[in-house]
Amino acid sequence: MPARRTWLSAASVFLICVLALVGWLVEGRDHKSTGGSAAPAGGLGTSPLQNPDGTKPGLAPLTSPEDRKAGRDLIAKVATASVGAKDGYDRNEFGPAWTDNVDGVPFGHNNCDTRNDLLARDGTAVERKDGSNCVVTSMTIYDPYTGKTVDWTKQQATKIQIDHVMPLSYDWQMGASKWDKAKRVQIANDPLNLIPADGSQNASKGDSGPASWLPANTDIRCSYAVRFAQVSLKYQLPVTEADKKAMLEQCV
């Protein structure tokens, strides 16, 4: 009998160790799947070729030869011009930042400001302020410009910023200075022209075109060039020769 009890005790210890090991592996796998460098379960976002109005989330890479050719074909339609003067540019010329009071673009007049619309568009596991159907307080978001997943909270607001793909100052210099105020408010709040992205990437970009700045994540550069072209074509704004050349090169 003592020998049998000893055997059972040893078997019990072995079983406990196996269960503990399995639990550790599962926990480690789950942690890895939601870590700071992996893509979210929802994928890498939407191909710009399948998102002509910008209402679908994210910005997915264009990887197939067919899609990259379609990207080049679209970019080829973009007009070119010399850069104009920056004289008179002011952010206020494009209306109040993230105003919901905008006509003619998706999400306008939906009782939520543009910034929160875009966070909700691209984020997953979105939580909102108590009593609000608009204000995003936390989320998980895939940043296409760095290729990383970010756990974001409102207390870290600048960690994720909303990038104007065609910067407003660039728009001004390429022809928007001649527009009426309503059209400038449109391009500033059009989801087609807006990507939530890493704050440092947005800051480093400034008002640069694609010849001077491209996202750090090389996998997304063709998609970024296509999105730049989509905004250019929608608003009939030319780009510089250097910028168009750089855009085409991203989709070779």
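Student: In which strand does Ile-160 lie?

Tutor: Ile-160 lies in strand E4. Keep in mind that this is a predicted model.

Student: Is Ile-160 buried or exposed, and how do you know?

Tutor: Its relative accessibility is 1%. Buried means under 20%, so Ile-160 counts as buried.

Student: How far apart are Ile-160 and Ile-141 in sequence and in space?

Tutor: They are 19 residues apart in sequence. From C-alpha to C-alpha, the distance is 8.9 Å.

Student: What makes E4 largely enclosed by the rest of the structure?

Tutor: Count the buried residues. E4 has five residues, and four of them are buried, so the strand is largely enclosed.

Student: How do you know that E4 and strand E5 pair?

Tutor: Five bridges join E4 to E5, residues 194-198. Pairing needs at least two bridges, so these strands count as paired. They run in the antiparallel sense.

Student: Which residues of E5 stand opposite Ile-162 and Asp-163?

Tutor: Pro-196 is the bridge partner of Ile-162. Ile-195 stands opposite Asp-163.

Student: Why is E5 called mostly covered?

Tutor: Five of its five residues are buried. For the chain, buried residues make up 44% of 252.

Student: What makes E2 and E3 a pair of strands?

Tutor: Six bridges join E2 (residues 136-143) to E3 (residues 148-153). The cut-off is at least two, so they pair. The two strands run antiparallel. Tyr-142 stands opposite Thr-149 in E3.

Student: How many residues lie between the strands of that hairpin, and what phi does Gly-147 take?

Tutor: Four residues lie between E2 and E3. Gly-147 takes a positive phi near 75°.

Student: Which residues other than glycine have a positive phi?

Tutor: Phe-107 is one of them, at about 80°. Gln-236 is another, with phi near 50°. Most residues other than glycine have a negative phi.

Student: Where are Phe-107 and Gln-236 found?

Tutor: Both sites are in loops. Phe-107 is between helix H2 (65-76) and helix H3 (114-122). Gln-236 is between H7 and helix H8 (241-250).

Student: Why is Phe-107 called partly exposed, and what makes Gln-236 exposed?

Tutor: The relative accessible area of Phe-107 is 29%. Buried is under 20% and exposed is over 50%. Phe-107 falls in between, so it is partly exposed. Gln-236 has 69%, which is over 50%, so it is exposed.

Student: How many aromatic pairs does the structure hold?

Tutor: The structure holds nine aromatic pairs. One of them is formed by the rings of Tyr-224 and Phe-228.

Student: Why is the pair of Tyr-224 and Phe-228 called tilted?

Tutor: First, the distance. The ring centres are 6.2 Å apart, and the limit for a pair is within 6.5 Å. Then the angle. The planes stand at 55°. Stacked needs under 30 degrees and edge-to-face needs over 60, so the pair is tilted.

Student: Why are Tyr-224 and Phe-228 separated by about one helical turn?

Tutor: They are four residues apart in helix H7, residues 221-234, and therefore about one turn apart.

Student: How do you know whether Tyr-224 and Phe-228 are buried or exposed?

Tutor: Tyr-224 has 1% relative accessibility. Phe-228 has a relative accessible area of 0%. Both values are under 20%, so both residues are buried.

Student: Which residues form one aromatic cluster with Tyr-224 and Phe-228?

Tutor: Tyr-145, Tyr-170 and Trp-213 form the cluster with them.

Student: What makes the charged end of Lys-183 count as sitting over the ring of Trp-179?

Tutor: The charged end is 4.4 Å from the ring centre. The distance limit is within 6 Å, and the charge must also be within 35 degrees of the ring normal. Lys-183 is listed as sitting over the ring of Trp-179.

Student: How much space lies in the largest pocket, and which residues lie nearest its centre?

Tutor: The space is about 220 Å³. The lining has 14 residues, and His-164, Pro-167, Leu-168, Asn-202 and Gly-206 lie nearest the centre. Strand E4 (160-164), helix H4 (168-173) and helix H6 (199-205) each give two or more residues to this lining.

Student: Which element gives the most to the lining of the largest pocket?

Tutor: E4 does, with three residues.

Student: How do the residues of the lining divide?

Tutor: Six are nonpolar, four are polar and four are charged.

Technical notes. Residues numbered from 1 in each chain as written. Predicted model: local features only at pLDDT ≥ 70, side-chain atom pairs only at ≥ 80, totals over all residues. Heavy atoms only, no water. Phe/Tyr/Trp six-rings, centres within 6.5 Å; stacked < 30°, edge-to-face > 60°. Buried < 20%, exposed > 50% of the residue type's maximum accessible area, 1.4 Å probe, protein only. 1 Å grid on protein atoms, 1.4 Å probe; cavity = no way out; pocket = protein on both sides within 12 Å on 5 of 7 lines; lining within 4 Å. Points joined across faces, edges and corners; volume = space filled by probe spheres on them. Nonpolar A, V, L, I, M, F, W, Y, C, P; charged D, E, K, R; others polar.
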